[in-house]
Amino acid sequence: MRLVASDLDGTIVRHDGTMSPRTVSVLTRCQESGVDVVFVTGRPMRWMPPVIEATGHRGLAILGNGALVYDLATETVVETRALTPQAVHAAVDALRAVLPNARFALETLTGYRRETDFMPHHEAAREAMSGTIADLLADDPVVLKVLCRDETSTADPMLALARPALAGIAEPVHSDARSSLLEVAALGVSKASTLAILAEERGIAASEVVAFGDQPNDVPMLHWAGRGYAMADGHPEALAAADAVAPPCAEDGVAQVLEALLAGLGERTA
């Protein structure tokens, strides 16, 4: 084990938005043992400060389901893998054809933008720039994700329709089956694809990576890593993709697995 790649919400961040002292402690022990720790999440930059504060993490994180590499120490962008304006239009058109009640927003490098009738679920986003998709793209922003919401449906059936509709155009996922939201990245961009680049830059093979996740947006990463753990209370797609199952987030499942793995590392080096 040379690199631990972990999703955040539902994996090491509990439903109340906190991380347990046990989890923070074992992540620190990994780093002190020479094992890299990389957070790999669908979150945007603006949702990272609580995680940075809770963990004191210093290093890189992969945000936006692979669309952004972020330096947590300096809180700066290292790399983006964005959608082109043409891809945004193509993705929106394809999704409207199969989800006629859908409304759209864009997660950009400089913040959130939305169609006028895309109602955000976070108060701060209500004051975001709004307009048509053409309006939102007029100044050529760096678009990290297209957000697709259909209040008449839920994420699993939406994803089932979006996958064939977006084949060859973009990468749809979701991170919460209870929601009505899809997250769409550029074609070929996923948690796994960006993590693979980062690992290669560090001379780390996939076989040396342990990954943790709980939702469909984690599936490519769980497949790619040498050992992928799905959380026991995770989505069925994540459980099917994983090599093993970790106890639920509420039971510090990632911490339990890493404590055992670190003990094994100690035994081999003793």
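## Pairing of β10 and β11

Strands β10 and β11 pair in the antiparallel sense over four bridges; two strands count as paired if DSSP finds at least two bridges between them. Proline 172 stands opposite valine 184 in β11. Strands (E, at least two residues) and helices (H or I, at least four) are DSSP runs numbered from the N terminus.

The model is predicted: local features need pLDDT of at least 70, side-chain atom pairs count only at pLDDT 80 or more, and totals for chains, interfaces and linings use all residues. Residues are numbered from 1 along each chain as its sequence is written, and side-chain values use heavy atoms, leaving out hydrogens and water.

In α5 (residues 155–165), Ala155, Met158, Leu159, Ala162 and Ala165 are buried (under 20% relative accessible area, 1.4 Å probe, protein chains only). Seen down the axis of α5, these buried residues fall within an arc of 130 degrees, so they line one face of the helix; the arc is that of the directions from the helix axis to the C-beta atoms. They pack against α3 (85–98), β9 (143–149), β10 (170–173) and β11 (181–186), contact meaning heavy atoms within 4.5 Å.

Technical notes
Buried means under 20% relative accessible area, exposed over 50%, partly exposed in between (1.4 Å probe, protein chains only).
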